[in-house]
Amino acid sequence: MTAPGNEEDAMTRRWIEHWDPEDDEFWETTGKRVARRNLWFSVFSEHIGFSIWTLWSVVVLFMGPAYGFSAADKFLLVSTPTVVGAIMRIPYTFAVARFGGRNWTVSSAVLLLIPAVLTAIVLHPGTSLGTFVLMAALGGVGGGNFASSMTNINTFYPERHKGWALGLNAGGGNLGVAVIQLVGLLVIGTVGATAPRLVLYLYLPLIVIAATCAALFMDNLASVRGDTKAMREVVRYGHTWVMSLLYVGTFGSFIGYSFAFGLVLQNQFGRTPLQAAAVTFLGPLLGSLSRPIGGWLSDRIGGGRVTFATFGAMALATVVLVLASSADSLATFTAAFIVLFVLTGIGNGSTYKMIPAIFQVKARAAIQAGADEATELRNARRLSGALIGLAGAVGALGGLFINLAFRQSFATAHSGVPAFVGFLVFYAVCVGVTWFGYLRKPAVRTQVALAGAEV
């Protein structure tokens, strides 16, 4: 193995030639330390990426009458980076195998400077809607960071720790949504709603720091270098599309609500920008913090069980949102929305635990049939990494659907109720899919209570 602490290599490219996290001795003596170092700096870079991706959930709060935009225009602005971020997750997943996890983390962080700088230049009344849509689209590159980060960290950790590691990586990244909304609240609360550029000025040096730290402290794994065929292989599995659907319900809800929460409060309950910003950060904050909990619970009782229970609870929370909207109860509505955020976080962690477990089941079955253990376990890691990227891309599209649903709902009914009814139906479908695919007998075939894997 190329020593991870080798200083002569650290200043240029750091490639680890041998990596076997399933070997207990290797993990305890070397792997754990290296994996944790890469995890923390991956979290930092992904965190900044999420902030830039969801920048427009904050910017629209600054857009008062002087900008001349309707509620539908603002929902368009928050929908645009959602769809671009979803699309970018596919090439970002490939990028880890093509360039190396460390190398791509550096590059993807530097790319964030483009939307940050250009948005700061044009962000003032009088700029056309088309220009702002372009800036929002450029901000979508931050959404791709999640896929490359998760794919990379998946290869560093053994199966028994993936739920915790992936949950922590994703949760720390998701916190970028809450943090940029807190920054927006700070700016609005101190200098008013006329200085949105201050938000970007705070993030420009953070982007540079994230790229620098990734260059200095992260590693590339040679075992995943050049493997660009995994995505083509993984699309042939039925579970790929089932898990993508479930991730639409969990992460799609998280990112969609993160963009829309403030606008819904403003348009349905007449909140001012400051009043909306004062509470909108709470949902993404608690949803991000709950994501590692979902992974942790799944490590212990099974991802399928946690996902099933979570979708059931999400459906109940959505019923409360419909009732609170009809009763015009701001307090109940806000509380239920925040609970829904927490549940999306738990579901995010549990669904991502399910992905590597599915391929681990397949690998164990092949090993029992006489296949080479090292080869099968390595194949399981590469396929689960590919599915993580694909499911992340499809799941992020859920955020687009949510914002388009709100846009249509407010345009036609001047209320979010029709949109929430649609979300309720979808969560009910996810409950049924989870039970049918991963919990029903005889679907349960493994001790991870995942089941449904094609063994």
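Reply: Ser 258 is found in helix H12, where helices (H or I, at least four residues) are DSSP runs numbered from the N terminus. The model is predicted, so local features need pLDDT of at least 70 and side-chain atom pairs count only at pLDDT 80 or more, while totals for chains, interfaces and linings use all residues. Residues are numbered from 1 along each chain as its sequence is written, and side-chain values use heavy atoms, with hydrogens and water left out.

Ser 258 has a relative accessible area of 2% and is therefore buried (under 20% relative accessible area, with a 1.4 Å probe and protein chains only). Leaving aside neighbours within four places in sequence, Ser 258 is in contact with Ser 57, Val 177, Gln 181, Pro 284 and Phe 341; contact means heavy atoms within 4.5 Å. The C-alpha atoms of Ser 258 and Ala 193 are separated by 20 Å, and these residues lie 65 apart along the chain.

H3 (residues 55-62) and H9 pack at an angle of about 20°, with their axes 9 Å apart; axes are lines fitted to C-alpha atoms over the stretch in contact, and angles run from 0 to 180 degrees between N-to-C directions. The two helices are therefore roughly parallel to each other (angles under 35 degrees).

Pro 284, another partner of Ser 258, is one of the buried residues of H14, which also include Gly 283, Gly 287, Arg 291 and Ser 298. Among the elements covering the buried residues of H14 are helix H12 (238-269), helix H9 (159-191) and helix H16 (330-368). The 20 residues of H14 (residues 282-301) should span 28 Å at 1.5 Å a residue, and the end C-alpha atoms are 28 Å apart, which agrees; the expected span is 1.5 Å times one less than the number of residues. H14 is followed by Gly 302, whose phi is positive, near 105°.

Methods
Buried means under 20% relative accessible area, exposed over 50%, partly exposed in between (1.4 Å probe, protein chains only). Angles under 35 degrees count as roughly parallel, over 145 as roughly antiparallel, 65 to 115 as roughly perpendicular and the rest as oblique.
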